[in-house]
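Visitor: I'm new to this structure and would like a close look at one part of it. Could you pick a spot and walk me through what is there?

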Amino acid sequence: VADELERPGGEPVEHEAEPHFPSPTIWPFAFAAGVALLLVGLIINWILAAIGAVLVLVFGFLWIREATSEVRRPPAAAPVPPAASELAGAEEEEEPERYPRSVFLEMSTLGVGALIGGIVTLPALGFMVAPAFVGQEHDEVDLGPLANFPKDQFVITTFNSKKDEGSVGRRTAFIRNNGVKNDLPSFTIISNRCAHLGCPTQPQGLPGKGKQVKASSGTVTITPVASVSGFQCPCHGGAYDDEGNRTAGPPVRALDRYEFLIREGNLVLGKPYSVGKVIGQAADAKIEAYRIADPGQHVDGPEKVLYPPKFWIP
Amino acid sequence: MARRQKSKRQQQLEALIMAPIDWLEERSGLVGALKYFLFRKVPAETNWFHTLGSATLTAFLVQLVTGVILAMYYKPSPEEAYGSIQKITNDLTLGWLVRGMHRWGASVFIILLFLHMGRVFLFGAYKYPRELNWLIGVILLTLALAEGLTGYLLPWDQTAYWATVVAININANAPIVGPFLGDFLRGGAEIGEETLARFYSLHMLVIPGGLIGLITLHLYLVIRLGVTEPPWTRAAAGYEFVEDGRGPARKGLVEPRPRGNGSLGTPTQEEAEA
């Protein structure tokens, strides 16, 4: 009975001067994670199981090594004899613990909290950001038979670039059939999107009567325009010549263009690309083509370093 | 003159009213906090310009309430957005009123924000120790403008579409981050259903959440630091002396700062020495 009463008072058994705890260690956690990975891997994937087994072995070894370190340590590290330490004073005599238990618990709580927070947050953030950049393929757009595009004349062509989004996907391009050069058909296909801030530009010319053409991409409206001298933007006065080169106003480059191909006698739009400038005319034009950029972004000149190309567009 | 004795009925009535209030106060301290907020000391010469902040807050609350109600009828998809706005405006009972409140209230909110900011600037109320509240106010202003931008797209008409085209392209003109920012805001290379949905989410959830949190912080700092006197008052001009044993300082020229006990004011002699 006396023994039991004394214990709470702080006088433990004689040969053990202070309660003995194993030194703090992280290895059991890593070991447990390895076991979990091993078990999950057995169900899902042999490679995971192998990684788990390696973790179990490595961290098991580290854990055992650390747990037995005191036993294996040579007895030379015995405490200083009391006679010598009396001079140093009571407070300096006690060495501060390397890893106080509270600090360890605090750190592991914060660490585990951060880990859980990260596991929850990162995929959500990725879901918020990634879909805007991944899979930006541009649909090909069928514009109907070639006969609708008279030679050496611009037509305003309005079409649906995205089938499932209704009127929002409607785009306009100015198309001129340049005839045949070196046995290859040549078309000038200029996007109406102003290279300043994306307003719709208008051709400067005499618009004729439009017609509706049924194509596999939906209804395409084709309006011929006679004697086009250039294009102009209603928003901030950007002006372009009939090859889309900027002639006045705030735009930073020429009008964008579309790639094209001819399939079964139909003109088909490919993906759009940006243009620095165009040298020459019509079929002889040399086009400085760049990866498609947003309006207002420089593609050439010294300012282009400010606008990294959109590498995520295929 | 002896005070009239309260009748027993009156006492019972009072107890009936006070019981739940006392219950709440004992468990939360909220009643005391509200009293502290409502009956805190303000300078003697406050005037109508000091109400611009509360007016802005009221405009925000109107936006909050009408916006939540509009969200019950609005459909954020390219096919339905425009139609649902037409339905709210023309078909649903009082829809025209609530939409009108939200639409015009948005402008009122922004105008009041700028007036409030002007008042704070001209009264010098942004100075020590209130710089942090000015900074919070600037963020609030930015968020409010972002609300205007994202809300402008939601009617999904020609104005909305082209205004957003230009606005996003302006963002896309930012150096280095522009190309990323543009595609992030659009949810892709072109404005489409993703743009509408994410603008709706930003307009409905993200930005209002930020506004509510920062307004709370803003008000906390207003209560903690107190209201500034108008610059034309005797106190602000330094004609009045600080009393109450705090040394012979001219009141308007001494910067108020939190004392040891948490209240504001010029430090006493002992506090200054400490």
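Guide: Happy to. Keep in mind that this is a predicted model. Let's start at B:Leu94, which counts as partly exposed because its relative accessibility is 48%. You'll find B:Leu94 in the loop between α4 (81-90) and α5 of chain B. Its backbone is worth a glance too: phi is positive there, about 65°, although B:Leu94 is not a glycine.

A:Ser227 sits in strand β7 of chain A, and with 56% relative accessibility it counts as exposed.

Back in chain B, follow the chain on to the loop between α5 (95-122) and α6 (131-153), where B:Pro129 has its place. The peptide bond joining B:Tyr128 to B:Pro129 is cis, with omega about 0°.

Now for the cysteines of chain A. Over all chains, the count comes to one disulfide, and A:Cys199 and A:Cys235 form it, with their sulfur atoms 2.0 Å apart. The link is left-handed, with -85° about the S-S bond. A:Cys199 lies in the loop between β4 (184-191) and β5 (202-207), and A:Cys235 in the loop between β7 (218-232) and β8 (239-240), so the pair ties together parts of chain A that are 36 residues apart in sequence.

What about A:Cys194? That residue is in no disulfide: the nearest cysteine sulfur belongs to A:Cys233 and is 3.8 Å away, whereas a disulfide needs the sulfur atoms within 2.5 Å. A:Cys194 is buried, with a relative accessible area of 1%. A:Cys233 is in no disulfide either, and it is buried too, at 8%.

One last stop, still in chain A: a pair of helices. Helix α2 (residues 27-44) packs with helix α3 (residues 46-67) at an angle of about 160°, and their axes are 7 Å apart. The two are therefore roughly antiparallel to each other, since angles over 145 degrees count that way. The contact of α2(A) with α3(A) has 18 nonpolar, four polar and one charged residues. As for handedness, α2(A) passes α3(A) in a left-handed crossing.

How values were computed
Residues are numbered from 1 along each chain as its sequence is written. Chains are lettered from A and ligands numbered from 1 in the order in which they are written. This is a predicted model: local features need pLDDT of at least 70, side-chain atom pairs count only at pLDDT 80 or more; totals for chains, interfaces and linings use all residues. Side-chain values use heavy atoms; hydrogens and water are left out. Axes are lines fitted to C-alpha atoms, for helices over the stretch in contact, and angles run from 0 to 180 degrees between N-to-C directions. Helices (H or I, at least four residues) and strands (E, at least two) are DSSP runs, numbered from the N terminus. Angles under 35 degrees count as roughly parallel, over 145 as roughly antiparallel, 65 to 115 as roughly perpendicular and the rest as oblique. A crossing is left-handed if the near helix is turned anticlockwise from the far one by less than a right angle, and right-handed if clockwise. Ala, Val, Leu, Ile, Met, Phe, Trp, Tyr, Cys and Pro count as nonpolar, Asp, Glu, Lys and Arg as charged, and the others, Gly among them, as polar. Buried means under 20% relative accessible area, exposed over 50%, partly exposed in between (1.4 Å probe, protein chains only).
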